[in-house]
Amino acid sequence: MKKISKVVNVKTLRGVVSVVFFVALWQLVVLVKVPYLQNLPYPKEVAVDGIQAAGSKAYWFDWGISLMRIFIGFIAAQLIGIPLGLAMGISRIFKSYTFPVFEILRPIPPIAWIPIAILFWPTRELSIYFLVFIGAFFIIVINVLQGVSNISVSLKWAATSLGARPKDIFWKIMVPGSLPSIVTGMTVGMGVTWNVLIAAEMIAGQGGLGRMTWEAYTNHNIPFIVVGMVSIGVAGYLCSTFIRWLGEKAMPWKRKF
Amino acid sequence: MSGNNGRGITNRDIFGEVRVEGVTKKYEKEGQCQTVLEECSLHVQRGKLTVLMGPSGCGKTVLINLIAGYEKPTAGRVYIDDTPVTGPGRDRLVVFQETALFPWMTVYSNVTFGCRAQGISRGETKERAELILKKVGLYEFRDKYPTQLSGGMQRRAELARAMINDPKIMILDEPFRGLDAMTRQLMQGFYVGLFEEIGRTNFFVTHEVDEAIFLADRLVIMTFQPGKVKAEIDIDLPRPRDVRMLASARFMEIRGQAIDLLYEEAAKAFSAGSKTAYDLMGALVAQKGACNCLDDKK
Ligand SMILES: Nc1ncnc2c1ncn2[C@@H]1O[C@H](COP(=O)(O)OP(=O)(O)OP(=O)(O)O)[C@@H](O)[C@H]1O
Ligand SMILES: [Mg+2]
């Protein structure tokens with residue numbers, strides 16, 4: 001126990017040192033007026049703006065809007081993508097019908113879907129959900145597909161010999177066997193999703209952290225641009241941490257002892 | 001265990017026999033056709049421990065897959081008690097060459113997988129599982145996941161997962177590979193003890209000559225490309241087997257005979273470029289005391 005807490009302390013200490021060092025460097029850059037970075041606000045200005053924002057309802061409302069958009073688009077991508085990936089991984093026939101189209105659409109960057117999303121969906125809000133969905137969808141499908149094909153055939157054979165029916169094979173072998181890839185797909189997808197969301201909000205959104213940051217830009221409020229950026233970073237980090245936590249809960253056999 | 005009726009009694013209802021009759025297995029690879037087994041015939045006797053040896057790549061695992069019903073022969077038939085094999089079945093369970101425990105299940109869930117799939121009541125499942133887990137010495141480890149077990153424990157868990165279902169035939173594909181010498185010897189003793197107690201039909205694949213002779217009632221040696229049975233040797237060492245037999249004159253005699261047969265096939269596989277065959281031949285050459293032969297080949 002003593003040893004573990006010591007390790008954690010050292011790690012936390014290093015983290016604090018790195019943040020302090022970064023802020024000090026920032027302060028220095030502004031102080032000596034490094035070319036092209038003269039417009040950078042002092043860390044203190046950003047901190048003051050940030051604290052002020054944290055006290056306002058509007059700021060947290062933007063958080064809520066962004067998180068909700070992520071949540072809806074991301075969940076929809078999982079609900080459709082995971083079964084699709086499993087089906088493609090299990091049935092060769094289904095895969096040969098769906099995979100070619102999938103492989104043509106997959107390399108299109110999610111941001112390239114913005115115009116068509118805005119045109120085709122009746123509301124801006126729906127187009128943002130759709131874009132977030134696209135950001136996570138292809139990634140989860142390809143990961144699940146890979147996860148299924150990586151399941152060793154001897155596990156399926158062993159289960160069959162032991163009397164498992166196709167239903168058991170699906171739920172007790174295929175699903176848990178592809179779970180590590182599902183979690184990987186979700187983690188990567190979550191990162192992409194935030195990229196897409198911020199771009200979409202800046203172009204088409206009403207409210208949300210991306211829009212908030214963009215409006216700070218149009219108001220020439222540079223400290224608040226940085227507040228927005230930091231907020232987006234923190235939000236993305238929180239979402240990724242949540243997925244990681246979920247993965248650890250769902251896969252107790254991966255835990256290290 | 002209902003099969004606990006001592007040695008020598010081979011009840012048709014409890015134990016099965018395997019007949020491989022004229023089996024050929026070919027694989028198509030990018031237009032090329034590889035014949036792995038050709039006209040292979042083999043009899044795994046009821047209630048006996050049959051050990052199969054042969055150089056790496058001669059088709060031992062393929063043969064097992066055919067007997068287990070995972071793959072279909074190109075020609076010929078496999079019979080279990082006069083019934084042709086059409087697919088996998090609970091009457092013949094396999095301990096795979098690569099560990100095939102379900103990584104996401106605890107030892108207990110792994111071992112009881114068969115019982116649960118068949119819908120056996122929880123109470124009976126638990127009773128059977130406790131008995132078998134104690135027998136293989138894993139009762140304390142029942143809530144661990146496979147990756148938290150040592151190699152030897154994983155192998156015992158796999159044995160338990162099969163044995164709990166009382167299969168008529170147990171098929172084991174190099175179950176002790178990758179274990180250190182000491183653990184391996186302990187596992188051999190443990191396994192042979194189980195076999196002598198229960199006496200079910202066992203089909204066992206190994207690369208180790210000493211292990212093969214120590215365990216077997218009958219030793220089958222396969223040829224390399226195409227794979228078929230080259231020779232069968234009855235091992236008439238008394239049971240129960242004991243490590244001291246490894247030094248007996250009879251053991252040495254059988255061993256010499258087996259090594260000569262294996263050497264021929266290993267050399268064939270070696271010139272065909274098989275890596276493991278190289279290892280096997282190295283070991284055999286050392287055993288024969290003719291080390292300069294390898295240097296000539298290089
Ligand atoms: N599904 C398959 N498709 C194509 N070729 C296969 C397949 N399974 C096995 N083979 C080929 O059959 C041959 C025999 O393989 P097998 O695994 O039975 O050897 P083995 O005797 O078990 O060897 P080892 O002792 O190394 O386990 C090999 O040349 C292998 O490449
Ligand atoms: Mg093999």
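This is a predicted model: local features need pLDDT of at least 70, side-chain atom pairs count only at pLDDT 80 or more; totals for chains, interfaces and linings use all residues.
Ground rules: local features need pLDDT of at least 70 and side-chain atom pairs pLDDT 80 or more, while totals for chains, interfaces and linings use all residues. Residues are numbered from 1 along each chain as written, chains are lettered from A and ligands numbered from 1 in written order, and side-chain values use heavy atoms, without hydrogens or water.

**Overall.** I find ten helices and ten strands in chain B (DSSP runs, H or I of at least four residues and E of at least two). Of its 298 residues, 52% count as buried (under 20% relative accessible area, 1.4 Å probe, protein chains only).

The contact (heavy atoms within 4.5 Å) takes 14 residues from domain 1 and twelve from domain 2. I noted two salt bridges between these domains (Lys or Arg side-chain nitrogen within 4 Å of an Asp or Glu carboxyl oxygen). I also looked at B:D166, which forms a salt bridge with B:R200, closest N and O atoms 3.5 Å apart.

**Magnesium.** Which protein donors does the magnesium ion (ligand 2) have? I get B:T61 (OG1) and B:Q97 (OE1), 1.9 to 2.3 Å from the ion (donors are N, O and S atoms within 2.8 Å of the metal, or 3.2 Å for Na, K and Ca; water is not among the atoms, so sites may look incomplete). B:T61 sits in helix α1 (residues 60–68) and B:Q97 in the loop between β6 (92–95) and α2 (107–111), 36 residues apart. B:T61 is partly exposed at 29% relative accessible area, and B:Q97 is partly exposed at 22% (partly exposed lies between buried and exposed, the latter over 50%).
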